Amino acid sequence: MLDQFDYAIKLLGINHVGIGSDFDGVSGALPEGLKSVADYPNLIAGLESRGYSEEQINKLLGGNLLKVWAAIEDGAFNNEFQP
């Protein structure tokens, strides 16, 4: 799983990757040590072991999502709705 995050971050940049918490629909096919959100400490420890900073990990764990969400809301509130 960590290899996948490294790949996405190298390809897209740290500001464009986020980690979701939706574990539905995978039929139990989850990596060892990451079976639910309760295992996120394992994920965080893995990211730290690969040299990701606290700031970068915060971006991955929701900071990037909140930034995009705020931009969407700003656009929705500052533009007239046109069907």
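Colleague: Which residues does isoleucine 9 touch, not counting residues up to four places away in sequence?

Modeller: Isoleucine 9 touches Ile14, Val17, Tyr52 and Leu60. Contact means heavy atoms within 4.5 Å. Before we go on: this is a predicted model, in which local features need pLDDT of at least 70 and side-chain atom pairs count only at pLDDT 80 or more, while totals for chains, interfaces and linings use all residues. Residues are numbered from 1 along each chain as its sequence is written, and side-chain values use heavy atoms, with hydrogens and water left out.

Colleague: How far apart are isoleucine 9 and leucine 60 in sequence and in space?

Modeller: They are 51 residues apart in sequence and 9.6 Å apart in space, C-alpha to C-alpha.

Colleague: Why is isoleucine 9 called buried?

Modeller: Buried means under 20% relative accessible area, exposed over 50%, and partly exposed in between, with a 1.4 Å probe and protein chains only. Isoleucine 9 has 11% relative accessibility, so it counts as buried. Its place is in helix H1; helices are DSSP runs (H or I, at least four residues), numbered from the N terminus.

Colleague: What makes a set of residues a nonpolar core, and which members touch the most others in the largest one?

Modeller: A nonpolar core is a set of buried Ala, Val, Leu, Ile, Met, Phe, Trp, Tyr and Cys residues joined through side-chain atoms within 4.5 Å. The largest has 13 residues, of which Ile9, Ile19, Leu43, Leu47, Tyr52 and Leu60 touch the most other members. Helices H1 (2-12), H2 (40-49) and H3 (54-78) each supply at least two residues of this core.

Colleague: How do you know that the buried residues of H1 line one face?

Modeller: The buried residues of H1 are Phe5, Asp6, Ala8 and Ile9. Seen down the axis of H1, they fall within an arc of 165°, so they line one face of the helix. The arc is that of the directions from the helix axis to the C-beta atoms. On the other side of H1, the exposed residues are Asp3, Gln4, Tyr7, Lys10 and Leu11.

Colleague: What makes leucine 11 exposed?

Modeller: Leucine 11 has 56% relative accessibility, so it counts as exposed.

Colleague: Which residues of H2 are buried, and what arc do they span?

Modeller: Tyr40, Leu43, Gly46 and Leu47 are the buried residues of H2. Their arc, seen down the axis of H2, is within 120°, so they too line one face of the helix. The face turned away from the buried side of H2 carries the exposed residues Pro41 and Ser49.

Colleague: Why is the pair of arginine 50 and aspartate 3 called a salt bridge?

Modeller: A salt bridge is a side-chain nitrogen of Lys or Arg within 4 Å of a carboxyl oxygen of Asp or Glu. In this pair the closest N and O atoms are 2.9 Å apart, and arginine 50 forms a salt bridge with aspartate 3. The pair links distant parts of the chain, with arginine 50 in the loop between H2 and H3 and aspartate 3 in helix H1.

Colleague: What is the distance for aspartate 6 and arginine 50, and is aspartate 6 buried or exposed?

Modeller: The closest N and O atoms of aspartate 6 and arginine 50 are 2.3 Å apart, in a salt bridge. Aspartate 6 is buried, with a relative accessible area of 13%. Salt bridges that share partners join Asp3, Asp6 and Arg50 into one network.

Colleague: How exposed are arginine 50 and aspartate 3?

Modeller: Arginine 50 has a relative accessible area of 37% and is partly exposed, whereas aspartate 3, at 52%, is exposed.
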